[in-house]
Amino acid sequence: MDLEGFAGALQKKPFKESILAQFDVLLQELPNGGLDANGQPVPIPVQTTDNTKAAGSALALGIVTFILGFISPIFCIVCGVLCFNQARMGSGSSKAGLAKTGKVFAIIGVVITIILWILNMAMQFA
């Protein structure tokens, strides 16, 4: 299923978690906006989805990834992948900074894991 692009005027990415949320937004009743006193169309407010939970969970997973980088490499990489997924969804929310911070923590954690893995292999075969 293609989740890139737009559905009407709404981005598709925020609706990856729940396709039903996208249907609710797209099928909502729109009031007749009409024209204002100057003859300009009146804006119509619509309901959208804000993935602030995804941004918060990206930050939490990023911190866990950073910590697990020193403890367990396998779990670190798994948490890093989950963090990237949540950060991608949360990047369009009102708390995009949390998602970006979580992504940075995940990158640092995975890099630390790879460096420690390489050092471990070098020390075993040296």
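In this predicted model, helix 3 and helix 4 run roughly antiparallel to each other, because the angle between them, about 155°, is over the 145 degrees that sets the cut-off. The crossing of helix 3 past helix 4 is left-handed. On the helix 3 side, the contact is made by P73, I74, C76, I77, G80, C83, F84, A87 and G90. Helix 4 brings in A96, A99, G102, K103, A106, I107, G109, V110, T113 and W117. Sorted by type, the residues of this contact come out as 13 nonpolar, five polar and one charged.

Leaving aside residues up to four places away in sequence, P73 touches L68, T113 and W117.

The model holds two aromatic pairs. One of them joins F66 and F70 edge-to-face, with 5.8 Å from centre to centre and 90° between the planes. Both residues are in helix 2 (residues 52-71), and since they are four residues apart there, about one helical turn separates them. As for accessibility, F66 is partly exposed at 27%, whereas F70, at 52%, counts as exposed. Ring pairs also bring in F105, giving a cluster of F66, F70 and F105.

Methods. Residues are numbered from 1 along each chain as its sequence is written. This is a predicted model: local features need pLDDT of at least 70, side-chain atom pairs count only at pLDDT 80 or more; totals for chains, interfaces and linings use all residues. Side-chain values use heavy atoms; hydrogens and water are left out. Axes are lines fitted to C-alpha atoms, for helices over the stretch in contact, and angles run from 0 to 180 degrees between N-to-C directions. Helices (H or I, at least four residues) and strands (E, at least two) are DSSP runs, numbered from the N terminus. Angles under 35 degrees count as roughly parallel, over 145 as roughly antiparallel, 65 to 115 as roughly perpendicular and the rest as oblique. A crossing is left-handed if the near helix is turned anticlockwise from the far one by less than a right angle, and right-handed if clockwise. Contact means heavy atoms within 4.5 Å. Ala, Val, Leu, Ile, Met, Phe, Trp, Tyr, Cys and Pro count as nonpolar, Asp, Glu, Lys and Arg as charged, and the others, Gly among them, as polar. Rings of Phe, Tyr and Trp (its six-membered ring) pair if their centres lie within 6.5 Å; planes under 30 degrees apart count as stacked, over 60 as edge-to-face and the rest as tilted. Buried means under 20% relative accessible area, exposed over 50%, partly exposed in between (1.4 Å probe, protein chains only).
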